[in-house]
Amino acid sequence: MQKNKSFWYGIAIGVLGIVLFSSKAVMVKLAYQYNVDAISILLLRMLFSFPFYIFIAFLIKNKKQEYNIQLKDYGWLVFFGFIGYYLASYFDFVGLLYIKASLERIILFVYPTLVLLLNRVFLKQKITKTQSIAVALTYLGIAVAFGDELSISGKGTLTGGFFIFLSALTYASYLVGSGWLIPKFGVMKFTAYAMLVSCICVFVHYSIISEVDLWSFSWEVYVIGFLIAIFATVIPSFLVSESIKIISSSNFAIAAGIGPISTIILAAIFLGETLTVLQLFGTLIVIVGILWVSLKKSNST
């Protein structure tokens with residue numbers, strides 16, 4: 001019974017984290033309305049996030065570890081911080097220059113199958129029948145919603161879709177890596193360190209290539225940057241890491257199917273993006289897939 005409650009707790013905080021992460025795409029699209037480029041809004045996100053992760057890292061720096069952490073473990077942490085929250089975020093922000101927020105989240109959802117595949121190849125984790133059926137069902141829903149959105153999207157859809165796919169691939173790699181590194185470092189320390197790595201990568205990236213004056217934007221851009229940092233970065237990053245620790249990265253990846261649904265709804269409300277009957281039908285199928293895998297997993301624990 002306790003395991004049952006623990007699993008559902010992991011699902012709940014994972015879904016909350018994904019919904020908050022999903023709001024990022026909508027807020028980025030809002031920021032783009034004020035003539036800000038991708039790297040600048042990404043930099044604002046990391047600048048506002050950075051002090052929180054520094055503070056958290058300082059608080060837990062002397063916390064006793066259950067595992068003997070080796071130098072190579074820190075090397076992997078740096079690597080996954082680089083690809084998971086720097087590259088994945090950058091590719092995502094660039095892709096959002098070309099496509100709608102709702103379409104972005106639908107394409108981004110290819111990462112659950114990538115997570116399962118990477119876990120199978122590198123960690124030798126079996127893909128269960130339940131996971132296979134759930135993924136197939138959710139992808140049926142995504143195909144319906146994506147096909148409909150693609151038919152009404154204009155120029156740049158393929159370019160945007162390519163960058164979003166790269167974001168999905170790099171984020172999937174991060175999820176797989178975090179699945180076995182989190183127990184070694186602990187949720188708080190791993191998340192704080194990985195995010196600090198990504199922040200530094202963004203700072204270096206901006207200092208090398210950007211010629212934009214960071215202090216020249218309208219006040220709305222800074223407000224949106226702050227909201228992205230707190231509600232679409234800091235809070236969900238810890239929720240997602242805790243969820244992965246409880247339910248595994250494979251099950252989290254499937255439960256994260258709520259992401260496209262929440263983004264489509266938020267985009268319709270705040271951006272006026274079209275929410276068609278086919279998209280509603282597709283999101284309903286995705287919900288069924290998520291509930292199916294959750295109930296099956298719950299009954300087996």
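**Exercise 1.** State which helix holds Leu30, how accessible Leu30 is, and how far Leu30 is from Leu271 in sequence and in space.

*Solution.* 
Step 1. The model is predicted: local features need pLDDT of at least 70 and side-chain atom pairs count only at pLDDT 80 or more, while totals for chains, interfaces and linings use all residues. Residues are numbered from 1 along each chain as its sequence is written, and side-chain values use heavy atoms, with hydrogens and water left out.
Step 2. Leu30 is in helix H1. Helices are DSSP runs of H or I with at least four residues, strands are runs of E with at least two, and both are numbered from the N terminus.
Step 3. The relative accessibility of Leu30 is 23%, so Leu30 counts as partly exposed. The classes use a 1.4 Å probe and protein chains only: buried is under 20% relative accessible area, exposed is over 50%, and partly exposed is in between.
Step 4. Leu30 and Leu271 are separated by 241 residues in sequence, with 7.4 Å from C-alpha to C-alpha.

**Exercise 2.** Describe how helices H2 and H8 pack.

*Solution.* 
Step 1. H2 spans residues 38-59 and H8 spans residues 187-209; their angle is about 145° and their axes are 8 Å apart. Axes are lines fitted to C-alpha atoms, for helices over the stretch in contact, and angles between N-to-C directions run from 0 to 180 degrees.
Step 2. H2 and H8 make a left-handed crossing. Left-handed means that the near helix is turned anticlockwise from the far one by less than a right angle; clockwise is right-handed.
Step 3. The contact of H2 with H8 is made of 20 nonpolar residues, four polar and no charged. Nonpolar residues are Ala, Val, Leu, Ile, Met, Phe, Trp, Tyr, Cys and Pro; charged ones are Asp, Glu, Lys and Arg; the others, Gly among them, are polar.

**Exercise 3.** How many cavities of 30 Å³ or more are there, and what lines the largest cavity?

*Solution.* 
Step 1. Rolling a probe the size of a water molecule over the atoms shows where empty space is left. On a 1 Å grid over the protein atoms alone, a cavity is a set of points where a 1.4 Å probe fits but cannot get out, and lining residues have an atom within 4 Å of a point.
Step 2. Three such cavities are found in the whole structure.
Step 3. The largest cavity holds about 220 Å³. A volume is the space filled by probe spheres set on the points, which are joined across faces, edges and corners.
Step 4. The largest cavity is lined by 18 residues, and Phe21, Lys24, Arg105, Leu108 and Tyr171 are the closest to its centre.
Step 5. At least two lining residues come from each of H1 (2-32), H3 (71-95), H4 (101-108), H7 (157-185) and H11 (258-270). H3 gives the most, five residues.
Step 6. The lining divides into ten nonpolar, four polar and four charged residues.

**Exercise 4.** Count the aromatic pairs in the whole structure and describe the pair of Tyr74 and Phe185.

*Solution.* 
Step 1. The whole structure has 18 aromatic pairs. Rings of Phe, Tyr and Trp (its six-membered ring) pair if their centres lie within 6.5 Å; planes under 30 degrees apart are stacked, over 60 edge-to-face, and the rest tilted.
Step 2. Tyr74 and Phe185 are edge-to-face, with 5.2 Å between centres and 80° between planes.
Step 3. Tyr74 is in helix H3 and Phe185 in helix H7, 111 residues apart, and the pair links distant parts of the chain.
Step 4. Tyr74 is partly exposed at 36%, whereas Phe185 is buried at 3%.
Step 5. Ring pairs join Tyr74 and Phe185 into a cluster with Phe21, Tyr85, Tyr171, Tyr174 and Phe190.

Key: On a 1 Å grid over the protein atoms alone, a cavity is a set of points where a 1.4 Å probe fits but cannot get out, and a pocket is an open set with protein on both sides within 12 Å along at least five of seven lines; lining residues have an atom within 4 Å of a point.
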